[in-house]
Amino acid sequence: MNGDDGEIVAASVDPSLPLEWRFSQVFGERSAGEEVQEVETWKLVCSSAVDVISAIEFDHSGDHLATGDRGGRVVLFERSHVINSSGGARRDLEDTDHPLRHPEFRYKTEFQSHDPEFDYLKSLEIEEKINKIRWCQTANGTLFLLSTNDKTIKYWKVQDKKIKKVCEVNSDPSKTGAVASSGNPTACLGNGGVPEAISSLRFPLVNKFILHAIVQFWHIQVTSHESSPVARCRRVYSHAHDYHINSISNNSDGETFISADDLRINLWNLEISNQSFNIVDVKPEKMEDLSEVITSAEFHPTHCNMLAYSSSKGSIRLIDLRQSALCDSHSKLFEEPEAAGPKSFFTEIIASVSDIKFAKEGRYLLSRDYMTLKVLMGHQHGFRSGVNFPGS
């Protein structure tokens with residue numbers, strides 16, 4: 001709530017009461033007590049392992065949810081805008097801050113995004129597991145998203161296609177050799193006859209010229225009553241990374257995106273799949289001198305020239321694409337001072353930043369390692385240390 005002086009006033013909640021978290025909705029058909037096991041024996045993965053979710057992402061509006069699994073499939077869910085008991089639509093009531101129960105999502109569609117591949121030059125098997133999913137800008141109700149496995153990025157278009165349904169047939173007996181019934185003009189006999197349940201006939205996906213000829217021959221009247229989402233791959237971005245892709249991120253300009261692996265970050269144009277630009281390269285001349293790798297990369301949500309990437313040493317670098325085409329030098333470096341005391345094998349593992357995420361307005365940057373969550377607050381000179389949330 002907003003107070004009279006414009007400040008944010010928290011709701012009257014007893015601070016002594018702990019927050020209660022519980023499931024609001026569960027997708028899947030796993031029975032109670034069933035364990036999802038990942039059993040692998042010489043490249044043979046059991047059927048239950050491919051159902052394990054490996055990536056999940058909401059779109060900017062929060063109305064769509066995409067999940068990717070280890071089997072290379074992408075499943076889309078959409079928010080159901082049901083009518084509330086008070087008479088208004090759910091979305092309209094939320095805009096007026098009306099108290100409602102949790103939003104509900106329903107299954108929309110699914111498609112096979114990636115298949116297992118084999119790199120014959122390196123004798124390397126490429127898994128179909130989805131590493132990251134990112135939503136792109138929508139256009140005319142059509143959904144666009146990026147999905148990637150270890151080596152290949154794909155640009156998908158999901159659009160509702162109308163299913164054509166027959167409503168009336170007036171066949172010509174002189175052309176078919178059939179005898180029409182006087183009681184039912186749509187019922188025919190002989191070869192090429194029309195079944196009685198012709199109203200439920202649906203056309204398969206055939207050439208439009210063949211379909212037009214069939215319609216003209218049978219004098220069929222076709223109407224569209226239903227729509228079904230159809231996914232189509234528009235672009236495939238491949239052969240640009242020598243190491244496993246760990247992150248992809250859309251730019252706010254709606255035209256470009258970045259992909260990052262352990263040592264490089266590439267800049268792509270959505271409409272150009274055979275060319276990319278290397279903007280960050282941390283690979284040393286000798287691999288023996290390698291001390292850190294890139295763990296995650298993210299574009300700024302509003303400034304198309306700014307992006308941040310994290311490393312395995314726990315540092316986060318903010319770079320500006322206006323300074324140089326190859327951004328080996330950073331504009332701002334944020335890193336925690338090394339803790340005093342003896343170091344062990346697990347010291348670097350614990351310090352490694354596994355993921356970073358900008359807030360919607362771009363003022364805050366959230367980083368996650370194995371022990372804590374850190375919020376970096378932005379100001380005119382970059383980002384500074386904010387709040388740490390230790391893990392339980």
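**Figure 1. Strands β5 and β6 of a predicted model.** Strand β5 (residues 73-79) runs antiparallel to β6, and 7 bridges join the two. Strands (E, at least two residues) and helices (H or I, at least four residues) are DSSP runs numbered from the N terminus, and two strands pair if DSSP finds at least two bridges between them. Within this pairing, V75 has E110 of β6 as its bridge partner. The model is predicted: local features need pLDDT of at least 70 and side-chain atom pairs count only at pLDDT 80 or more, while totals for chains, interfaces and linings use all residues. Residues are numbered from 1 along each chain as its sequence is written, and side-chain values use heavy atoms, with hydrogens and water left out.

**Figure 2. The open sheet that holds β5 and β6.** The sheet has 4 strands in the order β3-β4-β5-β6, with antiparallel pairing. Its edge strands are β3 (53-58) and β6 (105-112), each of which pairs on one side only. Neighbouring strands are turned by 20° against each other on average, direction ignored; the axes are lines fitted to C-alpha atoms, for helices over the stretch in contact, and angles run from 0 to 180 degrees between N-to-C directions.

**Figure 3. Strand β4 and its two partners.** On one side, β4 runs antiparallel to β3, joined by 5 bridges, and F58 has L65 of β4 as its bridge partner. β4 also pairs with β5 in the antiparallel sense, over 5 bridges, and L65 stands opposite F77 of β5. The hairpin of β3 and β4 has 5 residues between the strands, and G62 takes a positive phi near 80° there. In the hairpin of β4 and β5, with 3 residues between the strands, G72 takes a positive phi near 80°.

Figure 4. Of the 6 residues of β4 (residues 64-69), 6 are buried, so the strand is largely enclosed by the rest of the structure. Buried means under 20% relative accessible area, exposed means over 50%, and partly exposed is in between (1.4 Å probe, protein chains only). Both faces of β4 are covered: H64, A66 and G68 are buried on one side, and L65, T67 and D69 on the other.

**Figure 5. The largest nonpolar core.** This core has 13 residues, and those with the most contacts inside it are I258, I265, I279, V280 and Y309. A nonpolar core is a set of buried Ala, Val, Leu, Ile, Met, Phe, Trp, Tyr and Cys residues joined through side-chain atoms within 4.5 Å. Two or more residues come from each of β14 (256-260), β15 (264-269), β16 (272-281), β17 (294-299) and β18 (306-311). The largest share, 3 residues, comes from β17. Not counting residues up to four places away in sequence, I265 touches I258, S259, A260, F277, N278, I279, V280, I294, A297 and Y309; a contact means heavy atoms within 4.5 Å. A second, separate core has 12 residues, including A55, A66, L143 and W156.

**Figure 6. The open sheet from β17 to β20.** Here 4 strands stand in the order β17-β18-β19-β20, with antiparallel pairing. β17 and β20 (332-334) are at the edges with a single partner strand each, so one side of each is left without a neighbour in the sheet. The twist from one strand to the next averages 20°. Strand β19 (residues 316-320) pairs with β20 in the antiparallel sense over 3 bridges, with L318 opposite K332 of β20.

**Figure 7. V293 in the loop between β16 and β17.** V293 is placed in the loop that lies between these two strands. V293 counts as partly exposed, at 25% relative accessibility. V293 and S312 are 19 residues apart in sequence, and their C-alpha atoms are 5.5 Å apart in space. Leaving aside neighbours within four places in sequence, V293 is in contact with D262, L263, S310, S311 and S312.

**Figure 8. S247 in strand β13.** S247 lies in β13 (residues 247-250) and is buried, with a relative accessible area of 3%. Its side chain makes a polar contact with the side chain of N246 (3.0 Å). A polar contact is a pair of N or O atoms within 3.5 Å; within protein, one must be able to donate a hydrogen and the other to accept it, and residues adjacent in sequence count only if both atoms are side-chain atoms. Apart from residues up to four places away in sequence, S247 touches K132, I258, S259, A260, S296 and A297.
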